[in-house]
Amino acid sequence: MAKTELKTDAASLTLRAAAILGVIYGFGFLLMPDSLFHLSGDPGVPSNPGWVRWAGAFVLGIAIGPWLASEGWVKEQPFIAGLAAAYTLSGLALLYSVVSGEYAGAAWFIWMPIVVLAVLAPITWWLAIKD
């Protein structure tokens, strides 16, 4: 029986963490967007949040990419640069929602992804530019 070797370098671990977080968020918005919106406590929650199911499906589908890159199935560096840009822009968008007062829900619900993205963004930028 062939032995499977598990990659444990920084790039692989970061990509796998990103994939797992993407699967969690993706499943959440795909299968139970109403619950997630109510969990946020934001008074601006739409009465029918089913319109975000497509976003959950998209996030879930995109989460496959980092996992495949961690296994070496796709060229890592360009993909990691794209992820770094996405994490940076997403984190800045969420931070803007807080600073501008657009978000009026539970603080932990928006700060958790801001902190996660603030960790993932610089790590993925570092991985994208390292040789």
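User: Which helix gives the most to the nonpolar patch?

Analyst: First, the term. Patches are made of residues with over 30% relative accessible area and no salt bridge; nonpolar side chains (Val, Leu, Ile, Met, Phe, Trp, Tyr) are joined within 5 Å, like charges within 9 Å. A salt bridge is a side-chain nitrogen of Lys or Arg within 4 Å of a carboxyl oxygen of Asp or Glu. Here, helix 3 gives the most, with 4 residues. Helices are DSSP runs (H or I, at least four residues), numbered from the N terminus. This is a predicted model: local features need pLDDT of at least 70, side-chain atom pairs count only at pLDDT 80 or more, and totals for chains, interfaces and linings use all residues. Residues are numbered from 1 along each chain as its sequence is written, and side-chain values use heavy atoms, with hydrogens and water left out.

User: Which helices each supply at least two residues of the patch?

Analyst: Helix 1 (10–31), helix 3 (53–62) and helix 6 (107–129) do. The patch members include Ile24, Trp54, Phe58, Trp67 and Trp108. Together, the patch has about 1,300 Å² of accessible area, computed by the Shrake-Rupley method with a 1.4 Å probe; for residues, only the protein chains shown count as cover.

User: Is isoleucine 24 buried or exposed?

Analyst: Learn the scale: buried means under 20% relative accessible area, exposed over 50%, partly exposed in between (1.4 Å probe, protein chains only). Isoleucine 24, in helix 1, counts as exposed because its relative accessibility is 52%.

User: How many aromatic pairs does the structure hold?

Analyst: A pair of aromatic rings is described by the distance of the centres and the angle of the planes. Rings of Phe, Tyr and Trp (its six-membered ring) pair if their centres lie within 6.5 Å; planes under 30 degrees apart count as stacked, over 60 as edge-to-face and the rest as tilted. The structure holds 2 such pairs. One of them joins tryptophan 108 and phenylalanine 109, edge-to-face, at 5.4 Å centre to centre and 85 degrees between the planes. Tryptophan 108 is partly exposed at 46%. Phenylalanine 109 is buried at 18%.

User: What sits over the ring of tryptophan 67?

Analyst: The rule: NZ of Lys or CZ of Arg within 6 Å of the ring centre and within 35 degrees of the ring normal. In this case, the charged end of arginine 16 sits 5.1 Å from the ring centre.

User: Where is serine 70 found?

Analyst: Serine 70 is in helix 4 (residues 64–70). Serine 70 is buried, with a relative accessible area of 0%.
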